[in-house]
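Subject: Structure handover

Hello,

Here is the structure I promised to pass on. Please open it beside this email and follow along.

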Amino acid sequence: MNTVTLTVKKQPELYLECENVNPDAFAGKKADDIAKLGAYQGKEMSTVGDYFTITGEAGATAADTKIIVNGDCTKMKYLGAKMTAGEMIVNSACDMYTGSWMKGGKLTINGDVHSFCGLALAGGEFTINGNAGNYLGAAYRGDWRGMSGGVLRVKGNAGSDVASFMTGGEMIIGGDVDIHLGTHMEGGKIILKGNANRRVGGQLVKGEIYVFGKINVMMPGYKPVGEVDLEVDGTKATFVEYIGDLGERHPKRKGEVVYGKLFMKK
Amino acid sequence: MSEFIIKNGHVFDPVQGIKGDKKDIAVKDGKIIDKVGSGAKVIDAKDKTVMAGALEVHAHVAGPKVNAGRWYRPEDKHFDSHKKPGITRIEGGKSIPTVFKTGYEYARLGFTFAMEAAMPPLYARHVHEEIHDTPIIDEAALPVFGNNWFILEYLKNHEVENTAAYIAWILRQTKGYGVKCVNPGGTEAWAWGLNCLTIHDPVPYFEITPAEIIKGLIEANEYLGLPHSMHLHQNDLGNPGNYKTTIDSLRLAEGIKATNNFGREQVLHSTHLQFHSYKGTNWGDFESGAKEVMDYVNKQKNLTIDTGNVTLDETTTMTADGPFEHHLHGLNHLKWFNVDVELETAAGIVPFIYDPNNAVFASQWAVGLEIALYAKDPMRCFITTDHPNAGPFTRYPRVYSWLMSKKCRDERLHSFKKADKVISATNLATLDREITLYELAQMTRAGPAKCLGLSKDYGGLAAGMNADIAIYNINPDKFPSDGPEIEKAFANVAYLFKDGKICVEGGKVVDMGHKQTFWVDAKVNENKQVMHDIREKFLRYYSVNENNYPVPESYAPHQHIIGVDATKA
């Protein structure tokens, strides 16, 4: 695997749209060619080379390419977005759309990410070693196709509207979340190690949410059905099982209604 | 203004009956003329196809409903938004493009005129604002009448003269072009949570039937002698078994003759016929009814139709057929938008994915192509996608490739996941016809121009007509058999002349032209009854004052008014 190292040399005046900073765009390119890749700032087109010093060269394919980004990326959007393979490590906080529409590979952010990151994640591993903003792993504004696969892991807290319209994959949040966790979920699994504010699993049709901490205000559409002993992300504990959201339509399998599930750690 | 001479091109012009012969076209002062001087700029069209600019007969491209689609579907724009080099602005949106993209894309496809198919009179200002901002192409808009309270009340007693006077008043207030009728009675019934699925279902409260509305509007349209005929979106759209209702509705035009000074011969234009040509009783035994419907259309000379071809894309459905959009939302559970327009109409919007793996959608695709291929008279059958309902208009080149190449459409047909089911439910596999370039010029140029009453200036290349000319990189002697090649050739014109100016060159927009808004000013005898009714309805029901209703001239500064005198002695 070849490694390309990017170091921020200039801060954009507005925000830099780094749609071409990912292993797929870099694959098969030398440092000079990578520098020529386009990057919008507002409506003006500039290049990756205008803002980053580039060393090393990419592998022949995305899978053979590893990218390390150093320097302050708080005004960089779309880092690692749409990547399908390979590896990318960003040693900074990042702006919106980081790791969105990822299909594969491994993306690690050693810092916080802003809102709308990991949108509609379809595959791969996306790890945030910091806090995340709102709409983490959700669907794009207006869209009804949220996270459908892969693993999204946040070490710290996340904001509101996390994992809206999730249909598959797994999300693990180390800290707390604000309102609207897993709204409109139709599959997948959310593990919340901390607390949630309100409206967890509103309009949830299918899928599972595990909460280790407390939910400030529980949705009225959830009903306790018993207790179960489970091992969740390495922790063995007893959980109270709820079914819901009872206000929603639910699919049937073999004549039985399939409900979404919410597990609260005792 | 400069002079041009387009030399050595293969010209296809149904107006003069030219079928691909080499002919030079001379242009001066925005018009086509017989001869230009030696100083004229020469455009070399060797090995290229030359046609008049195309006309869009039915698309939803401007107004509140289209804009609601834009703001409630940001995801439609997110992956398809770019800035091309040159004078163009950012082009955003796929199924509901921005007004700028709409103008550029139509021009790149060789279009110079587009008809906005449904204008709610109350929101006509918004329609005109968007039309004004759409570059290059000329446009007009059809106000909707089929569920308007005035119309329902007048036609209940078959008061054709009052109906005509009211239509004339609305056209002047809204700067409208003609009479559109969407799901007659059904949209009004929707206010009661009901619908009219046959032409004999009574409209609640008003006690009138869709048949009476359709026939009355046709008669009022001919009473006025408008350039375009009554433009009908029929009842029971999109449901299996609806072909009977379709033929029943078309029968209402029997025996009525076109009365106008614009060379129009039809009295009824039936739009997006694909959605209205289904047999069967449910989606399981669903079959194509295109043959039955087209057999009738072919016989009946006073009808024109457009296809409404499904393009198998993710798109956004939007129509004044409110109950249908609710029905669609029940099928796909995607987000639903609904609005009621006071005394006039309603609208709904639902995103839709025509998944080729689904036998029903693949069959709808086949039905749309069948409609065009069964048409005996290409001057009465026009190609549309009912943009954006069956697919975005930017897919026209692909639709052309399916119609012009049997090989291309068979490849698509046989590669469907449920190909066997589609082949048995439709007749497409048995059809060998390939639409020729001349027929395409009839279906997209001369035909729609005649149907819209614009054949004096549009749709042909005869001397005296508008110099709206599309030149394609197609050599008719070596017509491509490969679908993607046909598609590529039609997607970007080599040149587009609009009013004698080059607006697109090599697929690149180079000039914004001087677009015009067309509307019809019909003079009728003074009608005290109708004016009294209007005043009363505004006082009693409308949320706006009568004085705030008309579209001021500032909303359509580049207007082209077509005058019609319907005063009777």
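Start at one glycine. B:Gly225 touches B:Thr259, B:Asn260, B:Asn261, B:Val564 and B:Ala566, leaving out residues up to four places away in sequence. Two residues are in contact if their C-beta atoms, placed from the backbone, lie within 7 Å.

Before going on, some ground rules. This is a predicted model, in which local features need pLDDT of at least 70 and side-chain atom pairs count only at pLDDT 80 or more, while totals for chains, interfaces and linings use all residues. Residues are numbered from 1 along each chain as its sequence is written, and chains are lettered from A and ligands numbered from 1 in the order in which they are written.

**Around B:Gly225**

B:Gly225 sits in the loop between helix 8 (210-224) and strand 14 (230-233) of chain B. Helices (H or I, at least four residues) and strands (E, at least two) are DSSP runs, numbered from the N terminus. B:Ile534 is 309 residues from B:Gly225 along the chain, and their C-alpha atoms are separated by 23 Å.

**Strand 14 of chain B**

Next, take the strand after that loop. Strand 14 of chain B is covered on both faces. B:Met230 and B:Leu232 are buried on one side, B:His231 and B:His233 on the other.

Strand 14 of chain B runs parallel to strand 13 (residues 180-182) of chain B, joined by three bridges. Strands count as paired if DSSP finds at least two bridges between them. B:Cys181 has B:Leu232 as its bridge partner. Strand 14 of chain B also pairs with strand 15 (residues 268-270) of chain B, in the parallel sense over three bridges. Here B:His231 stands opposite B:His269.

**Helix 8 and its partner**

Now go back to the helix before the loop. Helix 6 (residues 160-174) of chain B and helix 8 of chain B cross at roughly 70°, and their axes come within 9 Å. Axes are lines fitted to C-alpha atoms, for helices over the stretch in contact, and angles run from 0 to 180 degrees between N-to-C directions. The two helices are therefore roughly perpendicular to each other. Angles under 35 degrees count as roughly parallel, over 145 as roughly antiparallel, 65 to 115 as roughly perpendicular and the rest as oblique.

Which residues of helix 6 of chain B make the contact? They are B:Val160, B:Glu161, B:Thr163, B:Ala164, B:Ile167 and B:Ala168. Helix 8 of chain B brings B:Gly216, B:Glu219, B:Ala220, B:Tyr223 and B:Leu224. By class, this contact of helix 6 with helix 8 of chain B has seven nonpolar, two polar and two charged residues. Ala, Val, Leu, Ile, Met, Phe, Trp, Tyr, Cys and Pro count as nonpolar, Asp, Glu, Lys and Arg as charged, and the others, Gly among them, as polar.

Helix 9 (residues 243-251) and helix 10 (residues 290-299) of chain B pack at about 10°, with axes 9 Å apart. That makes helix 9 of chain B roughly parallel to helix 10 of chain B. The contact of these two helices has six nonpolar residues, one polar and one charged.

Helix 13 (residues 396-404) and helix 17 (residues 483-491) of chain B pack at about 135°, with axes 8 Å apart. They are therefore oblique to each other.

**Helix 11 of chain B**

In helix 11 (residues 322-332) of chain B, the buried residues are B:Gly322, B:Pro323, B:Phe324, B:Glu325, B:Leu328 and B:His329. Their cover includes helix 7 (186-189) and strand 19 (314-319) of chain B. After helix 11 of chain B comes B:His333, with a positive phi near 55°.

**Chain A and the contact**

Chain A has an open sheet of four strands, in the order 4-3-2-7, with mixed pairing. Strand 4 (44-47) and strand 7 (76-77) of chain A stand at the edges with a single partner strand each, so one side of each has no neighbour in the sheet.

How many residues does each chain give to the contact between them? Chain B gives nine and chain A six. On the chain B side, the largest share, three residues, comes from helix 2 (residues 74-78) of chain B.

Best wishes

Definitions and conventions:
A residue is buried if 20 or more other C-beta atoms lie within 10 Å of its own, exposed if 12 or fewer, and partly exposed in between; C-beta atoms are placed from the backbone.
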